[in-house]
Amino acid sequence: MEELLRRAGAAHGAGRLAEAEQFVTRALAIEPGNVQANLLMGVLAGKTGRVALALEHFNQVIDSDPRSFEALFWLAMLHRKQKDLVLATEFARRAVQLREGDAHGHNNLGLCLLDQVELEEAIKEFRRALAILPDQPPILHNLGTALYLLGRDMDAAKAFDRALVLSPRSIGSFLNLGQVLLSQTNPGEAAKCARRALALNPNLAEAHLLLASALVEDSLTGEAEVHMKRAIELNPADAQAHGLLGQRFQSLGKFEDANSHLHKSMDLEPKQGFAYFAYVHNNRVTENDRALVEKMEQLVEGSGLDPRQMMFLHYGLGKAFEGLKEYEKAMKNFEQANRVARKLKFGDAIFDREAYSKEFDWLIETFSRAFIDQNRQAGNPSDVPIVIVGMMRSGTTLAEQILSSHPMIGAAGEQRFWPLSRHQLFGDAGADFRAERLPQFGGQYVEALKKIVPGAQHITDKMPANYELLGPIHAALPNARIIHMRRNPVDTCISIFATPNRVPVDFAYDRSNIVFAYREYLRLMEHWRSVLPADRFIEVNYEDVVSDRETQARRMLDLIGLDWDDALLHHESNERNVITPSLWQVRQPIYTSSVERWRRYEPWLGEFSSLLTE
């Protein structure tokens, strides 16, 4: 008996699993209840995918020796594989109690908790494992995954970076780091992670999907679509790929194709949030959709969704209940979505109103009328850029969609050039600002736009947040045209509150913070209005565009210096790519339902009501 087990152990250690099993089988024929033989047979069965046989032998071990760490460890792994997470977690906890100093035991328990979306507890177990065995790439990867799902992107990135230093060929860590970088609005670096993963495995659907997501964010949508379709070719059952491809078709206005892929995504993975959100965002929700809405409610009431998916579900339910005219339910879901989003994107950090206001003070003080008059003549002479600004959700997408229907105007979407250049331009609190560098930045900006839309006479950039930098933008590019989109303050704030943001916005998830930021926006725009020349800057009311598109479109073209084109009256036919939250609305004929939207939510406005008199 001892010789059979010795030879079985040696064969197992050498990787000769079939030979090891022959010896164990002979041993069990002699002594069926032998703990060591049952344990080894369980391991061999587990490694070769025979889960039922493995469970049978490990349970026999536990019956004889309830304190067998190895059997408990394997039982946790196997039950986790079978999605029996409650039982898996029970066995994993028992194993850890037996060997508190075993790093792999803590990691195993962490994985069970991770699968149950008990993220805080999972992180504790992974950290305990790393305290015992530091610098273990798989455990660092698991820690990074849990941190990412909890919204702690910076900590997650550090874990994945460390895992890749230790294991440079870890495809999983490249993919997860790429997802973190995407959520941090760094699509260029995310694409690098995807390409490195593809260099290791060109036929990896997840890597193609990550690359596609990064390329969409960088406005390289043609190449992105190739990788989306390749991901589905490689893995037709990839729910995430179908969801992303559905969103891609949304951005192009191909809504039937979009719905087809979104339904496929929901069929493949019913327990998610993204595809449901994208679907209701893509369609007018009516009583015919009641069954889908009830399914979404059941998902919210259940458990097992990570916070990101739960956030999408709540935003989706808010949109759905608004379509069903159940406005109290809609607002409750928007409130919950914002609570989850705030926690995901900023954790326990508090929006620093004083610092936010001081930045605006510096801009107002620095970019005075005297500064503008003194520096604008030295700026880059290009008149290519059309800078469309406003508080977020104020109609910049609609303005760009209308203008880019003109054959001489190309659309660049929301470009991050100026926000990303901010620190390089100004340093901390303006310590490094030198006005003579503005023309150089202006030239770089023009070249960046031309790469996105080659050959266009004029190119729009509808990044709303550029309103903060209109002074330096005008000084850098005195011939650029600036269009400020304005909208009813309360409608704007409700729309901010009811819409998930592609990039983290520090004030956007709390009514009082949104109101504070809106008033600061009004203060700064009052200053720009007083210093920018009238032949380079106009203001357009969203409500006026809705009621009289042609008049407002002619005003904008007059500012730019272009002749009229009737295509501007049919912006819904514009086939350009749109990836912002307004992707559905701008494909529709002009509609009035978004005007005075606040009246539907009047009983639940809270702090927003203070803006009714603005």
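Is glutamate 550 buried, partly exposed or exposed, and what is its relative accessible area? In this predicted model, local features require pLDDT of at least 70 and side-chain atom pairs count only at pLDDT 80 or more, whereas totals for chains, interfaces and linings use all residues. Residues are numbered from 1 along each chain as its sequence is written, and side-chain values use heavy atoms, with hydrogens and water left out.

Glutamate 550 is partly exposed, with a relative accessible area of 31%; buried denotes under 20% relative accessible area, exposed over 50%, and partly exposed the range in between (1.4 Å probe, protein chains only). Its side chain meets that of arginine 554 in a salt bridge (3.0 Å, N to O), a term for a side-chain nitrogen of Lys or Arg within 4 Å of a carboxyl oxygen of Asp or Glu. Arginine 554 is likewise partly exposed, at 34%. Helices (H or I, at least four residues) and strands (E, at least two) are DSSP runs, numbered from the N terminus.

The structure holds 36 salt bridges. One of them joins glutamate 120 to arginine 152, with the closest N and O atoms 3.9 Å apart. Glutamate 120 belongs to helix α8 (residues 119-132) and arginine 152 to the loop between α9 (137-149) and α10 (153-166), so the pair ties together parts 32 residues apart in sequence.

The largest nonpolar core comprises 93 residues, and Trp418, Tyr467, Phe507, Trp528 and Phe608 have the most contacts inside it. Such a core is a set of buried Ala, Val, Leu, Ile, Met, Phe, Trp, Tyr and Cys residues joined through side-chain atoms within 4.5 Å. Helix α28 (residues 511-531) supplies the largest share of this core, 9 residues. Apart from this core lies another of 78 residues, including Leu39 and Leu114.

In helix α2 (residues 17-30), the residues Ala20, Phe23, Val24, Ala27 and Leu28 are buried. They lie on the same side of α2 because they cover an arc of only 140° around the axis, the arc being that of the directions from the helix axis to the C-beta atoms. The face turned away from the buried side carries the exposed residues Ala18, Gln22 and Ala29.

Strand β5 (residues 537-541) is largely enclosed by the rest of the structure, because 4 of its 5 residues are buried. Strand β4 (residues 481-486) runs parallel to β5 and is joined to it by 5 bridges; two strands pair if DSSP finds at least two bridges between them.
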